[in-house]
Amino acid sequence: MTLPPAQPTPAGSTAPPAGPTFYVTTAIPYVNGDPHLGHALELVQTDVLARHARLRGRPTRFLTGTDDHALKNVSAARAADREVGGFVAERVEDFRALRPALSLSTDDFLSTSSDPRHRPGVEALWRRCAEAGDFYRRSYEGLYCAGCEQFYTPDELDASGRCPEHVPLPERVVEENWFFRLSRYGDRIREEIATGRVRINPAAKRNEVLAFVDAGLEDFSVSRPAARSDGWGVPVPGDPSQVVYVWWDALTNYVTALGYGSDQADPGAADDYRTWWSGGDERVHVIGKGITRFHAVYWLALLLSAGEPLPTTIHVHDYVTAGGAKLAKSAGTAVHPVGLVDAYGTDALRWWFAREVPLLGDAEFTTERLVARHDDELAHGVGNLVNRTLTLVHRFRDGVVPALPRTRASAPDELGSAVGQVAPAVDAALADADLRTATGAVWRIVDAANRYVNAEKPWELAARERAGDTDAGGRLDEVLARLVEACRVVAAELSPFVPDGAARLREQLLPVAAAGGQGVSDDRVGSPDPVFPRLG
């Protein structure tokens with residue numbers, strides 16, 4: 001049993017991938033404030049999907065970045081008495097710093113204001129939609145929520161006139177903008193989603209999108225007056241008095257990062273675009289529920305208009321809450337992930353996301369829950385199992401792992417079933433981005449292995465072996481070999497969820513292989529040291 005480390009795919013690689021490709025992205029956050037736990041949740045969820053795909057040998061590319069051209073970023077810079085570009089560039093680095101803090105395996109990071117790939121792609125997609133006849137200009141008056149960067153109709157607001165997610169009242173805005181003919185694409189969007197060609201997961205979110213489409217799609221504004229944002233943004237091609245609406249700008253990052261638009265004659269000619277998007281197998285977005293409409297309706301329409309392929313899957317997650325409220329900078333409920341990592345470690349935070357956040361429904365965060373999950377399951381469960389297994393192998397076999405017998409003495413049991421079923425169970429769960437169910441399959445091995453030790457009592461088998469019972473010695477060999485096998489499988493399957501801790505497990509369970517040894521057998525284990533020290 002080997003534990004190959006999951007290696008990120010180099011950004012910009014043009015070598016043709018061997019196997020079905022997996023391109024996975026997060027939404028890109030505004031940079032008007034510090035990163036919070038909600039951003040970290042989405043990054044870790046997406047990282048788990050990327051690491052798991054690599055573990056299974058799939059060519060994988062993982063993209064994240066920042067949404068820099070939002071009006072709220074301009075407002076935040078003004079409030080700080082800063083020049084917008086410098087303010088945004090500084091905040092972008094705060095989000096870029098989440099990669100080491102959260103042990104992310106990102107292949108690419110795109111800042112929409114500074115990355116040279118982005119503006120040409122935005123302009124190319126705009127021109128394609130213009131060629132399709134999907135733009136027209138008109139005056140508009142509506143209720144604009146600066147927090148969402150979105151216009152709302154009165155019936156979409158609550159009884160107090162507020163949007164579902166932000167406290168400040170929407171501002172009544174009157175302006176003349178470019179509009180996109182979304183109304184043209186309702187039937188095609190519905191067909192793509194209803195047939196499953198674009199899968200929206202979980203099903204409850206899919207049903208919400210279909211209900212929204214069935215209610216009738218209205219054309220929407222895709223530009224803003226440049227004067228409103230001091231010119232901050234991508235100018236509309238052919239109309240410098242307008243800048244491209246932040247949502248159009250942001251959504252295109254999924255293809256501009258692949259070089260879309262780098263060739264003006266053929267926007268889709270870039271090698272990475274052909275590899276990962278137009279010729280790719282899976283194109284997956286991981287997003288929060290508050291922006292489902294933009295990704296599952298507007299983004300599909302823009303791509304249909306431009307004649308480009310659609311994403312294959314959109315995974316929608318709910319929120320992390322604190323005190324029952326959504327984590328948000330404006331509400332004063334933000335929790336900084338780097339501070340949590342500094343206090344409790346990356347493994348603890350990633351494990352809490354994997355074990356506590358459901359596929360459907362919000363998850364209430366407290367540090368007490370984070371510590372309890374880590375100590376109960378990583379420290380006491382996984383850590384205790386590996387520690388006692390290595391101790392037994394050193395005590396009774398001098399650190400040498402016995403070979404598994406060709407015909408095992410026992411009939412299939414709970415441990416064998418848990419080990420044999422874990423890979424397909426994890427695969428099926430992560431196909432739905434269900435981290436809780438996936439880690440549950442791994443946990444069944446830990447649970448079964450700890451019970452197996454207690455039932456088999458290897459210390460008693462060793463005593464009988466010393467007394468001359470050769471059958472007991474053979475049974476002890478099988479018990480130790482099966483325990484080491486189970487621990488190695490646990491370490492491998494945990495690597496997408498807690499990569500740092502899994503690497504430490506690898507160093508103990510396969511010490512020569514972990515050190516880069518070549519052509520070695522897996523017949524020895526290292527010394528037992530605590531891999532997950534208790535936090536509480």
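Biologist: In this predicted model, what is the strand order of the open sheet of six strands, and is the pairing parallel or antiparallel?

Modeller: Strands of a sheet are joined through backbone hydrogen bonds, in either a parallel or an antiparallel sense. Here the six strands follow the order 3-2-1-12-13-7, and their pairing is parallel. Strand 3 (108-111) and strand 7 (199-201) are the edge strands, each pairing on one side only. From one strand to the next, the twist averages 20 degrees.

Biologist: How many bridges join strand 7 and strand 13?

Modeller: Strand 7 pairs with strand 13 (residues 313-317) in the parallel sense over three bridges. Within strand 13, His 315 is the residue opposite Asn 201.

Biologist: Which strands does helix 1 touch?

Modeller: Helix 1 (residues 37-55) packs on the sheet and touches strand 1 (22-26), strand 2 (60-66), strand 12 (282-288) and strand 13. The direction of helix 1 makes about 170 degrees with that of strand 1. Helix 11 (residues 292-306), in turn, lies across strand 7, strand 12 and strand 13, at about 145 degrees to strand 12.

Biologist: In what order do the three strands of the other open sheet stand?

Modeller: The order is 9-11-10, and the pairing is antiparallel. Strand 9 (223-225) and strand 10 (235-236) each have a single partner strand, so one side of each lacks a neighbour in the sheet.

Biologist: Which residue is the bridge partner of Arg 224 in strand 11?

Modeller: That partner is Val 243. Strand 9 and strand 11 (residues 239-244) pair in the antiparallel sense, over three bridges.

Terms used:
Residues are numbered from 1 along each chain as its sequence is written. This is a predicted model: local features need pLDDT of at least 70, side-chain atom pairs count only at pLDDT 80 or more; totals for chains, interfaces and linings use all residues. Side-chain values use heavy atoms; hydrogens and water are left out. Two strands pair if DSSP finds at least two bridges between them. Helices (H or I, at least four residues) and strands (E, at least two) are DSSP runs, numbered from the N terminus. Axes are lines fitted to C-alpha atoms, for helices over the stretch in contact, and angles run from 0 to 180 degrees between N-to-C directions. Contact means heavy atoms within 4.5 Å.
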